[in-house]
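Reader: I would like to learn how to read a structure of this kind feature by feature, starting from the general idea and then turning to the case at hand. Could we look at it together?

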Amino acid sequence: MTQTKNIVWHDSVVTKQDRSKQNNHQSPVLWFTGLSGSGKSTITVELEKALFEKGIRSYRLDGDNIRHGLNNNLGFSPEDRKENIRRIGEVAKLLNDAGLITLTAFISPYRQDRDNVRKLLADGEFIEVYVKCSLEKCEARDPKGLYQKARAGEIKGFTGIDAPYEEPEHPELVIDTENKSVDEAVAEIIAYLETRNYI
Ligand SMILES: Nc1ncnc2c1ncn2[C@@H]1O[C@H](COP(=O)(O)OP(=O)(O)O)[C@@H](O)[C@H]1O
Ligand SMILES: [Mg+2]
């Protein structure tokens, strides 16, 4: 429920445009989505490092990390997943305003939830990156042993097993991690940002 009565927005004097000018780059949100084990965390960690080395200010928001703190009262029901993504979207928007490039690594299985975040941001500031990898491959990787637990019935509502994953329909980027290395993925994303003058 929104409770905005008697609450009045107070603008800053320093604007997002000022920050962008000082940083010498834009602050889009790169929204990584894909199955567990597809490679979202691995790629965003390496991308963050590559951007840092170029002197570009970025910040990574990662599913498990956020669930330790800000969202530690949320589980994995459809409603909680929706609220999880809504809050992350709002945090990403703050970082966008703060002039940082945000890299988010959340399964974010529902198209509607991702589209809602897209709507929070200005045109061109939401870059949906579909980290594409088959369920079979993700399950074979099983970096956290979660698929094994889900198959054993120890985890309910696991994306890809007994909860849906809705593929992006028009992602800005598709990274096929079955056929592309982490380094290639990072290079491709940086090239995308450079070509479009985000950085
Ligand atoms: N091309 C690739 N891109 C990303 N990860 C890869 C790739 N090839 C193999 N992997 C491995 O797949 C796993 C992906 O796990 P992780 O990044 O935690 O996924 P997610 O954050 O999407 O759940 C890691 O163990 C990583 O080393
Ligand atoms: Mg991860």
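Reader: How many residues surround ligand 1, and which are the closest?

Author: This is a predicted model, and what follows should be read with that in mind. A residue counts as near a molecule if one of its heavy atoms lies within 4 Å of it. Around ligand 1 there are 15 residues, and the closest are Gly37, Lys40, Ser41, Thr42 and Lys180.

Reader: Which helix gives the most to the shell around ligand 1, and what is the make-up of that shell by class?

Author: Helix α2, which spans residues 40-53, gives the most, with four residues. Sorted by class, the shell holds eight polar, four nonpolar and three charged residues. As for its location, ligand 1 sits in the largest pocket.

Reader: Which atoms of lysine 40, threonine 42 and lysine 180 lie close to ligand 1?

Author: The general idea is to look for pairs of N or O atoms within 3.5 Å. In lysine 40, a polar side-chain atom lies 2.7 Å from an oxygen atom of ligand 1, while in threonine 42 an N or O atom of the side chain is 2.5 Å from an oxygen atom of the ligand. Lysine 180 takes part through its backbone, where a polar atom is 2.5 Å from a nitrogen atom of ligand 1. Taken alone, ligand 1 exposes 560 Å², and the protein buries 75% of that.

Reader: Is aspartate 62 buried or exposed, and which side chain does aspartate 62 contact?

Author: Here a cut-off is needed, since buried means under 20% relative accessible area and exposed means over 50%. Aspartate 62 has a relative accessible area of 8% and is therefore buried. Aspartate 62 lies in strand β2, residues 58-62, and its side chain is joined to the side chain of serine 41 by a polar contact of 2.6 Å. Serine 41 is also among the residues closest to ligand 1.

Reader: How far apart in space are isoleucine 7 and asparagine 23, and how far apart are glycine 99 and asparagine 23?

Author: For each pair, one sets the separation along the chain beside the distance between C-alpha atoms. Isoleucine 7 and asparagine 23 are 16 residues apart in sequence, and their C-alpha atoms are 31 Å apart in space. Glycine 99 and asparagine 23 are 76 residues apart along the chain, yet their C-alpha atoms are separated by 7.5 Å. Isoleucine 7 belongs to the segment before α1 (16-23) and, with a relative accessible area of 58%, is exposed. Glycine 99, by contrast, is in the loop between α4 (78-98) and β3 (101-105), and it counts as buried because its relative accessibility is 1%.

Reader: Where does aspartate 11 lie, and which side chain makes a polar contact with that of aspartate 11?

Author: Aspartate 11 lies in the segment before α1 and is exposed, with a relative accessible area of 62%. Its side chain makes a polar contact of 3.0 Å with the side chain of tryptophan 9.

Terms used. Residues numbered from 1 in each chain as written. Chains lettered and ligands numbered in written order. Predicted model: local features only at pLDDT ≥ 70, side-chain atom pairs only at ≥ 80, totals over all residues. Heavy atoms only, no water. Polar contact = N/O pair within 3.5 Å; in protein donor to acceptor, adjacent residues only side chain to side chain. Areas by Shrake-Rupley, 256 points an atom, 1.4 Å probe, with all protein chains shown as cover. 1 Å grid on protein atoms, 1.4 Å probe; cavity = no way out; pocket = protein on both sides within 12 Å on 5 of 7 lines; lining within 4 Å. Sits in = over half its atoms within 2 Å of the grid points. Helix = DSSP H or I, 4+ residues; strand = E, 2+ residues; numbered from the N terminus. Nonpolar A, V, L, I, M, F, W, Y, C, P; charged D, E, K, R; others polar. Buried < 20%, exposed > 50% of the residue type's maximum accessible area, 1.4 Å probe, protein only.
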